[in-house]
Amino acid sequence: MMSKLNIKSSSAPTTKSAKLCKQHIPATSISLASPAMRLNAILNSSPIGFLLIDNDYTVLEFNSLMEDFAKIAWLKPLQKNENLLSYLPPDKVEDFTDRYRVVLQGDKINYEVAYPWHDGSSTSFDMNLNPILDADGAVTGCCISSEDISVQVASGNKISALNIALEHKVAERTAQYEAVNKELEAFSFSVSHDLRSPLRAVNSYAQIMLEDYGEKLDEDGREILENIRYNGKKMGRLIDELLSFSRLGRKEPEREAVNMDELIKRVIADLGQVSPIEAVIKLSPLPVVQADNTMLYQVLYNLLSNAVKYSSKKENPVIEIFAEQKNDKTVFTVKDNGAGFDMRFADKLFGVFQRLHSEKQFEGNGVGLAIVQRIITKFGGQVWAAAKENEGATFYFTLN
């Protein structure tokens, strides 16, 4: 059997139990000449308390830290040849004996237990009960190890409390998000129906005035009616684009294999249906990507229609569409040799209603690129541009 040594441990826990332990572990000079002394030095320097009992719960050996743990948990000095059950609080005796019966069958037991302090706080211990076997494999006793885990338990409780608070916050924000979505849906319905009706009426009456009374009006009168019709149509397009922008905020993208070569050809064909494309479009092979086909169509349509529009005043407009690998990312590029823009104002490109050219120069509502950015952001990608005035613009985007 090992004899008990009292030596100072440099790695003891920093809880109340550790402070109490330090008060009861004076530094001593010991000899490490014999193996038994070396083993005692190791056990008594450990941040874990050890206690050896026999099958009748008789205390056989213990190290210094277990002695101090006993003073915390059981409020009485630990003595050899005493029955361990006499140290336990009455409410913990039955639980311990139930566990010990399992140990006597040769199984190991691990559990946590908390012992209270007089101030109402408690110290938590991680307990391990390991059976001691003789040469024939019969259980002759038990080695009990005990480690102060109060800091870990407190941290775990704090994390649990934070997780609960976070779950409540997420539920609250989700409810707010759903409420906002319902408001947006109601707004979209209002825009789609309530605003379109009077707008259609304005356009219709302007058309009637031109058809029935156009000959009675002078040139200025007819020009005013044409402006009414023009701005009515412009407002209609703006409503459509705002509705698209609004819906994108609520729609989650789907992932499917999208053949970019086929998609860009469909975009070019659809643009050609709207108005003839004068530019030469140079296409390079594009990869297949995992993305939302409808959303990606909108991205390509907006970028290509911009390139067509802003290069339309060039004598030889050219648009290039290609993809290349950069830093493990596929970067898609739409490049034109058109009007370009001043890079000092590039931060305005993707904002709603932000335009870098006047209405007289190029028509537009300043929503198309905002839609592009919103879609690309939903895919976890990036979109950016580089340009020089009168020398063209290049738009890049990536997908994740």
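Tutor: Strands here are DSSP runs of E of at least two residues, and they are numbered from the N terminus. With that in mind, Tyr57 is placed in the loop between β1 and β2. Please note that this is a predicted model.

Student: How many helices and strands are there in the chain?

Tutor: The chain has nine helices and 12 strands. Of its 400 residues, 36% are buried.

Student: Is Tyr57 buried or exposed, and how do you know?

Tutor: Its relative accessible area is 16%. Buried means under 20%, so Tyr57 is buried.

Student: What makes the backbone of Tyr57 worth a remark?

Tutor: Tyr57 is not a glycine, yet its phi is positive, about 70°. Most residues other than glycine have a negative phi. Tyr57 takes this value in the hairpin of β1 and β2, where four residues lie between the strands.

Student: Which other residue has a positive phi without being a glycine?

Tutor: Asn81 is one of them, with phi near 65°. Asn81 lies in the loop between α3 (64–73) and α4. Its relative accessibility is 64%, and the cut-off for exposed is over 50%, so Asn81 counts as exposed.

Student: What makes β3 and β4 a pair?

Tutor: Eight antiparallel bridges join β3 to strand β4 (residues 122–133), and at least two are required, so they pair. One example is Tyr115, whose bridge partner in β4 is Thr123.

Student: Is Ser145 buried or exposed, and how do you know?

Tutor: Ser145, found in strand β5 (residues 139–148), has a relative accessibility of 9%. The limit for buried is under 20%, so Ser145 counts as buried. Its contacts, leaving aside neighbours within four places in sequence, are Ile48, Gly49, Phe50, Asp126, Met127 and Asn128.

Student: Why is the pair of Phe96 and Tyr100 called stacked?

Tutor: A pair needs ring centres within 6.5 Å, and stacked needs planes under 30 degrees apart. For Phe96 and Tyr100 the centres are 6.0 Å apart and the planes stand at 15°, so the pair is stacked. Both residues lie in helix α4 (residues 90–104), four residues apart, which is about one turn of the helix. Phe96 and Tyr100 are both buried. Together with Tyr57, they form one aromatic cluster. The structure holds eight aromatic pairs.

Student: How do you know that the charged end of Arg99 belongs with the ring of Tyr111?

Tutor: The charged end of Arg99 sits over that ring, 3.8 Å from its centre.

Student: What makes a set of residues a nonpolar core, and which residues have the most contacts inside the largest one?

Tutor: Its members are buried nonpolar-core residue types joined through side-chain atoms within 4.5 Å. The largest core has 41 residues, and those with the most contacts inside it are Met260, Leu296, Phe395, Phe397 and Leu399. Helix α8 gives this core its largest share, nine residues. Apart from it lies another core, of 26 residues, including Leu51, Phe62, Leu65 and Tyr111.

Student: What does Phe395 touch?

Tutor: Not counting residues up to four places away in sequence, Phe395 touches residues including Leu303, Phe332, Phe341, Leu369 and Trp384.

Technical notes. Residues are numbered from 1 along each chain as its sequence is written. This is a predicted model: local features need pLDDT of at least 70, side-chain atom pairs count only at pLDDT 80 or more; totals for chains, interfaces and linings use all residues. Side-chain values use heavy atoms; hydrogens and water are left out. Rings of Phe, Tyr and Trp (its six-membered ring) pair if their centres lie within 6.5 Å; planes under 30 degrees apart count as stacked, over 60 as edge-to-face and the rest as tilted. Buried means under 20% relative accessible area, exposed over 50%, partly exposed in between (1.4 Å probe, protein chains only). A charge sits over a ring if NZ of Lys or CZ of Arg is within 6 Å of the ring centre and within 35 degrees of the ring normal. Contact means heavy atoms within 4.5 Å.
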